[in-house]
Structures are given as C-alpha cells and as structure tokens.
Amino acid sequence: LRQRSRPYLFSNSVAPPIAAAAIEVFELLKDPSHITKLRNNTIRFRTGMTKAGFKVLGHPECPIVPIWFGDARLASEIADELMTHNIYVIGFSYPVVPKGQARIRVQLSASHGPEQIDRAIKAFTEVAKAKGALH
C-alpha cells in the first residue's frame, strides 16, 4: 500500500538502520563533552596547519577544514600521498570548486585524539614540502 498509494507515490520511508542511527546521534549529543572535544580538535588542527604555513579556508569553528592548494593536480597528488600515510582526505577541484581554487577537505571528529591530529599535521607538512607546495 505504501509503495502504490497516491499520497506516497513519490516518497519513501526512512530505512530502519538510518532511523536508529539518527536516534543514537541525539543520544550522543546529550553529552556536551563530544561537542567540546570536537571544538578543541578543530582549533588544534586549524592552528597547527596555519602555523605550518598552509592556507586554511572556511569558518574558524567548522570541523570541515578546506586546505587550499590552487592547482588541481597538486591537490590530488597530495591527497593520494596522504592516503599512504593513513590520512584519509579528499581533493576537490573544478567543477566542484572554481578553476584554480583546488583544495583538500579534512573532516575532523570528536573521536580523533590529539596525537592523531598532530600526526595528520606532520604528514600534511612532509608531503606538501616533498611536492614543493610548502617551503
């Protein structure tokens, strides 16, 4: 009935696992320590990357952190190389962002520890220097 009745013709129900995950997220948000840890992680990463010489874009409190490289091939190569250091990041270039505005997007989490964030900054720095993107 739900798949064929006119009021539901162009709608689908949410899958039970997605509904369960959403409920769990609300339970996690009841504990403010997750938000505090995410904010601290964001500050640590953004500050460390800026000090290392990277151009960090976006709102200073946002845990989705774009690192600007400009050149699409360079951003892609650096993102690929970071994968070999077990740092999973995504390079974005045209048509997702304007030409000449390629960047690597980093997504921070409350589950990251300080040592993981520091390791990511170190890996970014080493790889970018090796590729000539950072002096």
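1. A residue is called buried under 20% relative accessible area, exposed over 50%, and partly exposed in between. Val25 has a relative accessibility of 43% and therefore counts as partly exposed. The structure under discussion is a predicted model.

2. Val25 belongs to helix α1. Together with Phe26, Leu29 and Ile35, Val25 makes a nonpolar surface patch of about 370 Å². Helix α1, which spans residues 16-29, gives the most to this patch, with three residues.

3. The count of salt bridges comes to four. One of them joins the side chains of Lys30 and Glu27, with an N to O distance of 3.1 Å. The two partners fall into separate accessibility classes: Lys30, at 61% relative accessibility, counts as exposed, whereas Glu27, at 42%, counts as partly exposed.

4. A salt bridge is also formed between Glu77 and Lys131, whose closest N and O atoms are 3.8 Å apart. Glu77 lies in helix α3 (residues 72-84) and Lys131 in the segment after α4, so this pair ties together parts that are 54 residues apart in sequence. Glu77 is partly exposed, at 34% relative accessibility, and Lys131 is likewise partly exposed, with a relative accessible area of 37%.

5. Lys122 is exposed, with a relative accessible area of 53%; Glu126 is partly exposed, with 40%.

6. The largest pocket has a volume of about 270 Å³. Its lining comprises 16 residues, and those nearest the pocket centre are Ile87, Tyr88, Val106, Gln107 and His112. By residue class, the lining divides into 10 nonpolar, four polar and two charged residues.

7. As for the elements around the largest pocket, β4 (102-107) and α4 (114-130) each supply at least two residues of the lining. Helix α4 gives the most, with five residues.

Methods
Residues numbered from 1 in each chain as written. Predicted model: local features only at pLDDT ≥ 70, side-chain atom pairs only at ≥ 80, totals over all residues. Heavy atoms only, no water. Patch = residues over 30% accessible without salt bridge, like charges linked within 9 Å, V, L, I, M, F, W, Y side chains within 5 Å. Areas by Shrake-Rupley, 256 points an atom, 1.4 Å probe, with all protein chains shown as cover. Helix = DSSP H or I, 4+ residues; strand = E, 2+ residues; numbered from the N terminus. Buried < 20%, exposed > 50% of the residue type's maximum accessible area, 1.4 Å probe, protein only. 1 Å grid on protein atoms, 1.4 Å probe; cavity = no way out; pocket = protein on both sides within 12 Å on 5 of 7 lines; lining within 4 Å. Points joined across faces, edges and corners; volume = space filled by probe spheres on them. Nonpolar A, V, L, I, M, F, W, Y, C, P; charged D, E, K, R; others polar.
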